[in-house]
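Open the model in a viewer and follow the stops below in order. Each stop says what to select and what is there.

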Amino acid sequence: MRNGIFIILVATILSSCGGYKLVNKGKEIEVGNSMFTTPFNDWNSSKDGDVVLWTMDGPMLQQIIFVKGAEDGDYLIPVRVNGTHTLDKKVPKFKKDMTSIEVVELFESTFKRLGAQNLEISNVRPYEAAKTKGFRFEFGFLTKDGLAKSGSTYGILKNKRLFMVIYSGANIHYYDKGKEDFEGIVRSLRIL
Amino acid sequence: MRVFLKCGCFCFAAVVLTACQMNKAVYERPLIDNDIILSSESKSSTSESYPYSIASLQPQQRPDVSSLEAGLWMSVEKAEKKSQTAGNRVTDKKLNDYVRSIVCRLAKEYCQDIRIYIMRVPMFNASMYPNGMMHIWTGLLLRARNEAQLATVLGHEIGHYLRRHSLQRFKTYMNTSNSLIFAQMALAVAGAPAVGDIMNIVARGSLAAFSRDHEREADGYGLLLLAKGGYDPFEASKIWKRSIREAKADKKYSSPSIFNSTHPQSEERMKVLNDLAGRVWTDETVTTGLDEYKSVILPLRASFLRDELDQRNFSSTEELLEILIEDGANLSELHFFKGEMYRLRRKKGDLDKALNSYRESLALGNPPSVVHRQIGLALRRQGDAQGAKDSLKKYLELNPDVEDAGVIRQIIEESEE
């Protein structure tokens, strides 16, 4: 994770990060680091370093970010300064002593640094998936240009590592389009 | 956008007293011309020190469509469309109405020419654009102590507008740029599709660099409008004093913000504005507008402080919190955020400082509802499992219906396993 750096903000959370590979529906896939899931629909996957992004219609419209076992001192999502290669050192890092409450705080700070405006987090609650007690929350924000987006997140703290699946999409059409599949992806998670 | 025609203020650097003497006349000029202060010298003398002779805008004045200024306005109008829908625009009506009322109190007959956009940016800044678009950042609202201090900065920005400083800079740029760029601009002014080139030139930041004399003159206007608006003129220098304190606490003092070397040194403006305030004539009973300011800003302050913490400039935030604590409004909230700052900073000894601040917040009464939760998190990190559990239980006891109750119970259960 420390050396896996990418992610550029272009008026939304993530933009394209290289070539895409098709993720076939109905088949279990290892997202990485022993994190498995099974999507109901076809998705397009892009990978750079340790961060994996899935989208159906383009990351500006909807996306799933997989955080595959961040360790102590890792960024939740590495953020670059104004689309350059320089890491934004003001982004806080994951610490192994964090609770779910502090991970939510980490998420909030990271997304704000990525450019999310008026970020509101709601319904922070326990949630069990991958046979592990985790937590969930919803969020909403505006892009710099004022596009309204919503999101839903599932997180697990396991063996002092952080696993998260972060879904977000434009309120108009695209969030709803991928939401049901996101729920299926969360329910089918396996972390070995 | 940030580099776009900025006249936002406030550079932080070492004091140069001799320069202060030489430049004082530039600050004085608007006040002398409007008979707000008496000149210590003859008017002809001050006129010679005036930086340029461009005419001020008149109320409701629009540039002639064939003019260079019209091209400048057109390019900025495009930017203004983005401001209208920007995700970080603060739409709170009460706040917008309040700030607008201050702008109108200062700008008077120019009031309808100025459109304000309050932007959620946790930095000390406001900026004025040549077509009357004014940006005000929430970091300024957090840092001003009262209405008069906010009016100082707004008056400064209005000064830039009235004196058409953007146009002056634009002309200066054109005079020094190469012929190709000149041609592009000429085409743009003529309506040819070279407007994008103007945008590029503007975005390059050349126009952002209001000269120091422009800033000094705008400071003079700020003081003039402050006095004519019935505000205490001594508040003008006080906001600079606060900014100097905060800046000096910043470990990146040499490059503290977007305000760069185009601005007069804060020490200079603090001293000159204080001197000039003592010479201002006003028949009205002046006000600082402290109560009005608090009634509007305090309900929003927690969100401004949260944004401030997300900047993770902990040294300057620590000093800012000290300044706000000295001001004395809602101390419980301020000590809570001081605790938050230490908890997030994670330097050696910070957890103890965080706990002390949280407890101070509690002792002052009416703390934020999450204070016991934050104490629990800090104690847990210190390894005090029992203390953490007790605090988290206290949080749930006092706030039985909180949304995060489930995960708090989960944390308590995990600590018992």
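Which residue just after helix 10 of chain B takes a positive phi? Select B:Gly230, where phi is about 85 degrees. Helices here are DSSP runs of H or I with at least four residues, strands are runs of E with at least two, and both are numbered from the N terminus.

This is a predicted model, in which local features need pLDDT of at least 70 and side-chain atom pairs count only at pLDDT 80 or more, while totals for chains, interfaces and linings use all residues. Residues are numbered from 1 along each chain as its sequence is written, chains are lettered from A and ligands numbered from 1 in the order in which they are written, and side-chain values use heavy atoms, with hydrogens and water left out.

**Helix 10 of chain B**

Now select residues 212–228 of chain B. These 17 residues should span 24 Å at 1.5 Å a residue, and the end C-alpha atoms are 24 Å apart, which agrees; the expected span is 1.5 Å times one less than the number of residues. Of the 17 residues, 14 are buried, so helix 10 of chain B is largely enclosed by the rest of the structure. Buried means under 20% relative accessible area, exposed over 50%, and partly exposed in between (1.4 Å probe, protein chains only).

Next, show side chains in chain B. A salt bridge here is a side-chain nitrogen of Lys or Arg within 4 Å of a carboxyl oxygen of Asp or Glu.

- Select B:Arg164 and B:Glu69, which meet in a salt bridge at 2.7 Å, N to O. B:Arg164 is in the loop between helix 6 and helix 7 of chain B and B:Glu69 is in helix 3, 95 residues apart. Both residues are buried.
- Select B:Arg245 and B:Glu319, joined at 2.8 Å, N to O. B:Arg245 lies in helix 11 and B:Glu319 in helix 14 of chain B, so the pair ties together parts that are 74 residues apart in sequence.
- Select B:Glu267 and B:Lys248, whose closest N and O atoms are 3.8 Å apart. B:Glu267 is buried at 12% relative accessible area, whereas B:Lys248 counts as exposed at 54%.

**The interface**

Select the residues of chain A in contact with chain B (heavy atoms within 4.5 Å). There are 29 of them, against 30 residues of chain B. The area buried between the chains is about 2400 Å², with 44% from carbon and sulfur atoms; buried area is the accessible area (1.4 Å probe) that two parts lose on being put together, summed over both. On the chain A side, A:Lys90, A:Ile101 and A:Glu105 lose the most area to chain B, together 23% of what that side buries.

Which residues form a network of salt bridges? Select A:Glu108, A:Lys112, B:Arg120, B:Asp307 and B:Asp310. Within this group, the side chains of A:Lys112 and B:Asp307 meet at 3.3 Å, N to O. Across the interface, 5 salt bridges are found.

**Helix 1 of chain A**

Select helix 1 of chain A, residues 100–113, one of the elements that give two or more residues to the side touching chain B. Here 12 of 14 residues are buried, so helix 1 of chain A is largely enclosed by the rest of the structure. The buried residues include A:Ile101, A:Glu105 and A:Lys112. Just after this helix, A:Gly115 takes a positive phi of about 110 degrees.
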